[in-house]
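Student: Hi, I have just opened this one. Could you walk me through it?

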Amino acid sequence: MDKRSRLWFRNEPPRPRRVYMDSRDGLASNLHPMRGSGGAFTMTNLTEPALEELVELARQAAQNSYSPYSQFCVGAALRLTNSEVVTGTNVENVSFGSTICAERAALVRAVSQFGPKIRIAAVAVANLNGLASPPCGACRQMLAEFILPRAPVIFPAADGMCTMTFIELLPLAFEMKLK
Ligand SMILES: [Zn+2]
């Protein structure tokens, strides 16, 4: 384990919190899984060890990060409904706008590998810097095209690993409905 990995684990390995899946139908704005007592929510069909493994794969992917400008090493792992796992890392560029995040790198790789009909069942994000790194807005919008609305998304937050459903992260994704 290199120095950066030890930094991340300086307290204890990140442990995803319980994963809640809302079992009700309704508007995204009515979903408040983080406030729920559990009664209205059901666990995802992915086991917690499976989600922990996804976090570990994201952390491993972060070790391939190309981030000479920010030194911020991020990895993402996507669990697809076909049970495949695809990882990605952030790839920076001297033309900063050309930089791609780990989540989008993984998504582009998943579509390239398995085709346009993929569906994402869970997402894990990790970084080697011990900092919060929720998926950015651009990545949320791109994930929206392929992810199940109630898929768990696990990411480092300010106070440790956080798990939210995708619909919580992006309740109003842009849609194009042409007549
Ligand atoms: Zn992003």
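Tutor: Strands S5 (residues 120-127) and S6 run parallel and are joined by two bridges. Strands pair if DSSP finds at least two bridges between them, and strands (E, at least two residues) and helices (H or I, at least four) are DSSP runs, numbered from the N terminus. This is a predicted model: local features need pLDDT of at least 70, side-chain atom pairs count only at pLDDT 80 or more, and totals for chains, interfaces and linings use all residues. Residues are numbered from 1 along each chain as its sequence is written.

Student: Which residue in S6 is the bridge partner of valine 123?

Tutor: Valine 153. From S5 the chain crosses through helix H4 (residues 137-144) to S6, in a right-handed β-α-β crossover. Right-handed means that, with the strands pointing away from the viewer, the path from the first strand over the helix to the second runs clockwise.

Student: And how many bridges link S6 and S7?

Tutor: Six, with S6 and strand S7 (residues 160-165) antiparallel. A hairpin of two residues joins S6 to S7.

Student: New topic: where is glutamine 71?

Tutor: Glutamine 71 sits in the loop between helix H2 (48-62) and strand S3 (74-80). Its phi is positive, about 60°, although it is not a glycine.

Student: Is glutamine 71 buried or exposed?

Tutor: Glutamine 71 is exposed, because 11 other C-beta atoms lie within 10 Å. The cut-offs are 12 or fewer for exposed, 20 or more for buried, and partly exposed in between, with C-beta atoms placed from the backbone.
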